[in-house]
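Welcome! Take a look at the sequence and the model, then read on.

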Amino acid sequence: MKNSTINKFLLGLVIILGILLVYFYINKKKENKPIESIRTPVEKTEVLQKELHNFSLTEGEEYQLIDSAIKQNFRISFNGVIEKFDSLIIGKGSGRYLTSNLLLTKDSIIFNKVTNVETRKGYKHNLKLQNNITINIDRTVDSSSLTVINEKDTLKFNSDFVGMNNPFVRSSGSVIHVDTFSFNSPEYSSDIFVFGDSYVNIGSTKRWPYYIYNANYNFLCDGLPGGKSVDSYSFFNAAISIHKPKYVVWCLGMNDKSDVHTEDKDWKKYAERVMEVCEQNNISLILSTIPSVPSRNHKEKNKFVRESGYRFIDFDKAVSDGKGNWNKDLLASDEVHPTALGAKTLAEQFIIDFPEINNFKKLN
């Protein structure tokens, strides 16, 4: 009996040792796996929805929608039933350049917009602010309108609402049972998504997308003034959660750090993350070179783009000698942004390097 117990003990010990040997062998193989074959996980970014339904908005509560730098061709819509009303604020972004909001109080509507300063415009109203309420903010390329419907009363104003970042609604002393709070833009259905900084704007003759948009091409235009790669990486993830386009055009870098001996590490990090996400989602990625300017050197970023194996828009070649010296009359007096002629030149290069744009005309 004693020998039998010992034998069982020894058998169990052999089994345990065998399991441990197999475990260490497997993990040793993992450790010896070539570095180039190990994929770095893409940073997970929280993506909010573009619509919320059936919730209660109470004192001090705030709800946010999807993040973007889309500042044209959108509608922010809010409707519900008022239980108690004191004030309500609806906006797109807060504190950043071009963020906008409107404050609805018991007797006034106040528009707030941030540029280099914050501007406020107020209007008196005679709304009862009880029962059903609907608020729509409609933005085109160069103008905005606000519509408030409360019971049988309708107010409509033109405004300078633009907006950056997350649409939000916030209660101050109000209780509203919300049916829908939404942010919608037809640009989300496009098959070309363009992400960038202040260069990417369809509303100014001194920005290259203006000329692409007004040639009747269809694309999503997401350009954040002063924006860095980390900002647009968030917008990029949000946009492709709604619709996966055929093409993504990545035009970031001007506001990332100036290159010294190598390309800026943060710029490169997010460029590589965009590459990986596009590969995983079967999206054709098109990069872009960044023209150097007197205060910012992008030579090494451009070397990385040209050697990446990806297609790219050669904006640097279009306007300069590659050393920061822009061709005559193309660089504005601020020595950062293009002139109108510079913007036209950049637009021409976009079409040369991305002729597929011709397949995406808007339907009249």
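Which residue just after H5 takes a positive phi? Gly309 does, with a phi of about 90°. This is a predicted model, in which local features need pLDDT of at least 70, side-chain atom pairs count only at pLDDT 80 or more, and totals for chains, interfaces and linings use all residues. Residues are numbered from 1 along each chain as its sequence is written, and side-chain values use heavy atoms, with hydrogens and water left out.

**The protein as a whole**

- The secondary structure comes to seven helices and 17 strands; helices (H or I, at least four residues) and strands (E, at least two) are DSSP runs, numbered from the N terminus.
- Of the 364 residues, 49% count as buried, where buried means under 20% relative accessible area, exposed over 50%, and partly exposed in between (1.4 Å probe, protein chains only).
- The protein exposes about 18800 Å², and carbon and sulfur atoms supply 52% of that area; accessible areas come from the Shrake-Rupley method with a 1.4 Å probe.
- Among contacts (heavy atoms within 4.5 Å) with a separation of 6 or more, residues 24 or more positions apart account for 69%.

**Helices H3 and H4**

- Two packed helices are described by the angle between their axes and the distance between the axes.
- The axes of H3 (residues 229-242) and H4 come within 9 Å and cross at roughly 15°; axes are lines fitted to C-alpha atoms, for helices over the stretch in contact, and angles run from 0 to 180 degrees between N-to-C directions.
- That makes H3 roughly parallel to H4, a label for angles under 35 degrees.
- The crossing of H3 and H4 is left-handed, meaning that the near helix is turned anticlockwise from the far one by less than a right angle, while clockwise would be right-handed.
- On the H3 side, Ser229, Val230, Tyr233, Phe236 and Ile240 meet Trp267, Tyr270, Arg273, Val274, Val277 and Cys278 of H4.
- By class, this contact of H3 with H4 has nine nonpolar, one polar and one charged residues; Ala, Val, Leu, Ile, Met, Phe, Trp, Tyr, Cys and Pro count as nonpolar, Asp, Glu, Lys and Arg as charged, and the others, Gly among them, as polar.

**Helices H4 and H5**

- H4 (residues 265-280) also packs with H5 (residues 299-307), at an angle of about 20° and with the axes 11 Å apart.
- H4 and H5 are therefore roughly parallel to each other, and H4 passes H5 in a right-handed crossing.
- Trp267, Lys268, Glu272 and Met275 of H4 make the contact with Lys301, Phe304 and Val305 of H5.
- These residues divide into four nonpolar, no polar and three charged.
- Within H5, Glu300, Lys301, Asn302, Phe304 and Val305 are buried, and their cover includes H4, strand S16 (284-288), strand S17 (311-313) and H6.

**Individual residues to look up**

- Most residues other than glycine have a negative phi, and most peptide bonds are trans.
- Asn54, in strand S1 (residues 51-57), has a positive phi of about 55° although it is not a glycine, and Asn54 is exposed, with a relative accessible area of 63%.
- Leu129 has a positive phi of about 55° and is not a glycine either; Leu129 lies in the loop between strand S7 (118-124) and strand S8 (131-139) and is buried, at a relative accessible area of 7%.
- Gly322 sits in the loop between helix H6 (315-319) and helix H7 (340-353) and is partly exposed, with a relative accessible area of 23%.

Terms used
Angles under 35 degrees count as roughly parallel, over 145 as roughly antiparallel, 65 to 115 as roughly perpendicular and the rest as oblique.
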